Amino acid sequence: MSAPNHPHPGPLPPAGEVDWTRVRDDFPLLKREVHGKPLVYLDSANTGQKPAAVIEATDDFYRRHNANVSRAVHTLGSEATDAYEGARRKLAAFLNVQRDDLVLCSGTTFAINLAAYSWALPRLKAGDTILITRMEHHANIVPWQLVAQRTGATIKVAELLPDGSLDLDALHAAMTADVKLLAIAHVSNVLGTVNPVAAICREARKRGIVTVVDGSQAAPHMAVDIPAIGCDFYAITGHKMCGATGTGALWARREHLQAMPPFIGGGEMIKEVRFDGTVFNDPPHKFEAGTPNIAGFIGLGAAVDYLSALGMDNVAAREGELLAHATEELRKVDGLRIFGEARHKAAVISFQVEGAHAHDLATLLDLEGVAVRSGQHCAHPLLHWFGVAATCRASLAFYNTHDEVDAFVAALRKVRRLLV
Ligand code: PLP
């Protein structure tokens, strides 16, 4: 299989020495125009754009290697299987875990549902509590509600401080003896808050609480070392980290994977099937019934190569600079309120402009070529807590530029004048 295109072959560039203009050139879509204006894409928390290396790896698979995995002995079949398992190996190295502990699936939503249905559903009972936080994405709320409904367990919510950070004292106090599971975002998709998940998981572990960390918004933006976090489960989604939609993974401690029953059944996840009983495959394959998104995972493998070559610390530093610039400029806009100003924050800025509806702002910004998301960001309980119906959200990635930040703020000032 052809080697993925590395944007910066060789040793990692030292922090601050990456040529970010060249990096941006790797993203074909960022060259397009929208409504006759250069596109300013500020919706990476929703889905990330893809570098040519990812598009080419996917294209190359379909042009030269397409076959199903883990079934055929012919050449294409083994090439496809090698490339698919190679992607698992790359992703595992990226997260500093063993590849056999990484279940490949369609994304964080599936990953959390897998933990919910295979780990929590058979174990929890009336009297048990599932602890979640106010800032969770619906993908880390609804599966636990479904488990609670079916087991009689209850859900407890850890609240936030006004700056959008977790109230850690309250969180620790909420870890009472009835709490069996804590489900928590590593990074909030609305506020950008980076939660101190290693310290939180340490506290949970002392109390025997199993931890599920939603890493959807962390893995694309910072180095993630799962063993250093010390959680029980960690979920990621590939499309936010330069990979294809329909790709993601659930990492779990091996003892959990071995003890958990399969979530869905079918081909690939078995060793032997008889009408009087089936012997399941070993993890992670036990949880991977059916034909996976092979090309998507091969693209995700290329995405991991790409991000690794940039260096995740460099990515985090670059995005930190863009966040600081954008925050400073937005604070100067009359009537603008930012939601989420935690000290440790990823490059996500939710905001409202007094007198302007978020959807109107986003629609008019689009006419200026600026793509931001508006609405409730799959986090209804969080927006209710802030007492607002909707916000706009600008989310930046390393491929954005300082000029784009300025163009965004200029466009915002312009559309504000039309609305207020
Ligand atoms: N969790 C968080 C924090 C997210 O931001 C998202 C996506 O926006 C998800 C979970 C769900 O990810 P997916 O739709 O890829 O399964």
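1. Let's start at the ligand. The shell of residues around it splits into 1 nonpolar, 9 polar and 2 charged. Keep in mind that this is a predicted model. The surrounding residues are G107, T108, T109, H137, A139, N189, D214, S216, Q217, T237, H239 and K240.

2. H239 has a side-chain N or O atom 2.8 Å from an oxygen atom of the ligand. S216 puts a polar side-chain atom 3.2 Å from a ligand nitrogen, and for H137 the distance from a polar side-chain atom to a ligand oxygen is 3.4 Å. On its own the ligand has 400 Å² of accessible area, and the protein covers 86% of that.

3. Now the aromatic rings, where the count comes to 14 pairs. Take Y84 and F297: their centres are 5.7 Å apart with 85° between the planes, an edge-to-face pair. Y84 sits in helix α3 and F297 in helix α10, 213 residues apart. Y84 counts as buried because its relative accessibility is 2%, under the 20% cut-off. F297, at 3%, is buried too.

4. Y117 and F263 make a stacked pair, because their planes are at 15° and their centres 5.2 Å apart. Y117 belongs to helix α4 and F263 to the loop between α9 and β11, so the pair ties together parts 146 residues apart in sequence. Y117 is partly exposed at 22%, and F263 is partly exposed at 27%.

5. There's also a ring cluster: W20, F27, Y306, F398 and Y399 are linked by ring pairs.

6. Last, a hairpin. Strands β11 (residues 270-274) and β12 (residues 277-280) run antiparallel, joined by 4 bridges. The hairpin connects them through 2 residues, and V273 stands opposite T278 in β12.

Technical notes. Residues are numbered from 1 along each chain as its sequence is written. This is a predicted model: local features need pLDDT of at least 70, side-chain atom pairs count only at pLDDT 80 or more; totals for chains, interfaces and linings use all residues. Side-chain values use heavy atoms; hydrogens and water are left out. A residue is near a molecule or strand if one of its heavy atoms lies within 4 Å of it. A polar contact is a pair of N or O atoms within 3.5 Å; within protein, one must be able to donate a hydrogen and the other to accept it, and residues adjacent in sequence count only if both atoms are side-chain atoms. Accessible areas come from the Shrake-Rupley method with a 1.4 Å probe; for residues, only the protein chains shown count as cover. Ala, Val, Leu, Ile, Met, Phe, Trp, Tyr, Cys and Pro count as nonpolar, Asp, Glu, Lys and Arg as charged, and the others, Gly among them, as polar. Two strands pair if DSSP finds at least two bridges between them. Rings of Phe, Tyr and Trp (its six-membered ring) pair if their centres lie within 6.5 Å; planes under 30 degrees apart count as stacked, over 60 as edge-to-face and the rest as tilted. Buried means under 20% relative accessible area, exposed over 50%, partly exposed in between (1.4 Å probe, protein chains only).
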